Amino acid sequence: MASNLGGMGQTVGATWLMTSMAPRADMVALVQAATAAPIMLLALVAGAMADNFDRRKIMLGAQLFMLASAAALAGMTFAHLVTPAWLLFFTFLIGIGLALNAPAWQASVGDMVPREDIAEAVALNSVGLNIARSTGPALGGVIVAAIGAAGTFALNAISYVGLVIVLLRWRPVRPSRVLPPERLWTAIGAGLRYSALSPNIRVVLLRGAVFGLGAGAILALMPLVARNLLLGGPVTYGLLLAAFGIGAIGGAFLIGQVRGRLSTEASMRLYCCFYAAAALGLGWSRSLPLSALALALAGAGWVMALSSFNVSIQMASPRWVVARALSLYQMTMFGGMAAGAWFWGETAARVGIPVALSASALPMLVNALLGLILPLASAADLDLAPLRDHREPATALPIAPSSGPVAITIEYRIAQEDVFAFLAAMADWRRIRRRDGARNWTLSRDLHDPEIWLERYRAATWLDYLRHNHRITRADAPAHQAIHSLHRGEAPPRVSRVIERQTGSLPDRLAVHNADMAGH
């Protein structure tokens, strides 16, 4: 919370300083863009790093990097050396630190608390963030007025110190790593593939993008509400921001009670209705107390929805891919918000602020209706621990982790009356295989013995094959058991593993080798 407080003050100081040096609207907007752009550009890279390396060290490095960047910016500003270009450069560097820190930070919640407490821990994170969001801009404004923008930069640098000390002292207990880390681009591809082939994650990403599209209206149009609808100034805008933050804090404390009474999907529908009602109320209110009440309701719906999406992603993702799934969620949610902010701003310019805010309630209602056909999965229904402790099979030929490609064939004997049930079970198993990295998956039937069915897939390397087997979870057990219960042959089904080799070049190499030996 202290670190977030410094970050909010930094934003106020940077925006005000840019207003003083280059008061054009495009230059002022670039300050926000310089912070947000790295988060969008580096989200997948940061997620892959957080899943494959020590999250504590990543967070520690990111915090130290931001501390150094903020301290350098403060020093240049105190020395009157800063220019608009330097301001944007250091703001961009701090954005890089935020981008690298965020997936590791959010994924570490599961390292700090038991699985059943993740929802409450995420809610507490939201409380700290929204306390900082409510008070940080005001504190930043006071510091700018007293000692200038350089003071907010110095405060931001100092705010990282506490978190650095905590991270230095934190010694999380981590399970031993069975397999080596993935290469960066391979890890990014694995995260994208897993998310695309996981129905529960796909639902969260879609629903999060729709929510962000609607939520962008209130956040983008709030300054115009203060100036045009309520005929106020900076103080009015500050009060509206405070109302939103207070509502968010209240909503974070209510999440546990709501989750105890309603299902995950029913809770999400309630949050969407909260936000839709707030958008309608804010659009047509001309009273500051009523507008503040609407924004408090919006803040509550905002933090409760985002916390629920965050928890749903964490519960739908095994630990090996959780940071990548969270980074994808951030990209879709905040991408939807960015698109929504632009769209509703254009709409307000054409048809007016009240109509734009009222129309922004529609995506929220659509999101609630989507729950009828694409509900969020209940966290209690998912057990993503490994299905079995897979051990590397023994081979007669020596094989290295990089050897490949490897082709795997599993032979099943299925009675004629069980064929349709077998095909239905294999349809889900195909998705699971591909999700966990299998390539070129096929299912074939023997023409001479129709009871023989062959499942085939490939792995790029022997190490990829081992990773694939480690990634099958207990939640996948029903599909696995359904297939094995239909198998009528020897138990378990016979597995064949072969390594593919090219022909043509091998004899030439042997001939050269033999000639060399003859010469010696």
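Leu280 counts as partly exposed, because its relative accessibility is 40%, where buried means under 20% relative accessible area, exposed over 50% and partly exposed in between (1.4 Å probe, protein chains only). The structure is a predicted model, in which local features need pLDDT of at least 70 and side-chain atom pairs count only at pLDDT 80 or more, whereas totals for chains, interfaces and linings use all residues. Residues are numbered from 1 along each chain as its sequence is written, and side-chain values use heavy atoms, with hydrogens and water left out.

Leu280 is placed in helix 11, which covers residues 264-284; helices (H or I, at least four residues) and strands (E, at least two) are DSSP runs numbered from the N terminus. Together with Trp284, Val351 and Val355, Leu280 makes a nonpolar surface patch of about 380 Å². Such patches are made of residues with over 30% relative accessible area and no salt bridge, like charges being joined within 9 Å and nonpolar side chains (Val, Leu, Ile, Met, Phe, Trp, Tyr) within 5 Å. The buried residues of helix 11 include Met268, Tyr271, Cys272, Tyr275, Ala279 and Leu282. The end C-alpha atoms of helix 11 are 31 Å apart, which agrees with the 30 Å that its 21 residues should span at 1.5 Å a residue, the expected span being 1.5 Å times one less than the number of residues.

At the level of the whole protein chain, 19 helices and four strands are found, and the C-alpha atoms fill a box of roughly 85 × 65 × 45 Å along the principal axes. Of the 520 residues, 47% are buried. The accessible surface comes to about 24700 Å², with 66% of this belonging to carbon and sulfur atoms, as computed by the Shrake-Rupley method with a 1.4 Å probe, only the protein chains shown counting as cover for residues. Among contacts (heavy atoms within 4.5 Å) between residues at least 6 apart in sequence, 83% join residues at least 24 apart.

In helix 12 (residues 288-315) lies Asn310, which counts as buried because its relative accessibility is 9%. The side chain of Asn310 is joined to that of Gln314 by a polar contact of 3.0 Å; a polar contact is a pair of N or O atoms within 3.5 Å, of which, within protein, one must be able to donate a hydrogen and the other to accept it, residues adjacent in sequence counting only if both atoms are side-chain atoms. Not counting residues up to four places away in sequence, Asn310 touches Gln106, Val122, Leu326 and Tyr329.

The whole structure holds 17 salt bridges, each defined as a side-chain nitrogen of Lys or Arg within 4 Å of a carboxyl oxygen of Asp or Glu. In one of them, the closest N and O atoms of Arg319 and Asp111 are 3.3 Å apart; this pair links the loop between helix 12 and helix 13 (322-351) to helix 5 (residues 109-112), across 208 residues. A salt bridge of 3.2 Å, N to O, is formed by Arg324 and Glu182, and because Arg324 lies in helix 13 and Glu182 in the loop between helix 7 (149-169) and helix 8 (184-196), the pair ties together parts that are 142 residues apart in sequence. Arg324 is buried, with a relative accessible area of 2%, and Glu182 is likewise buried, at 8%, whereas Arg319 is partly exposed at 34%. Both pairs belong to a network of salt bridges that links Asp51, Arg55, Asp111, Glu182, Arg319, Arg324 and Arg471.
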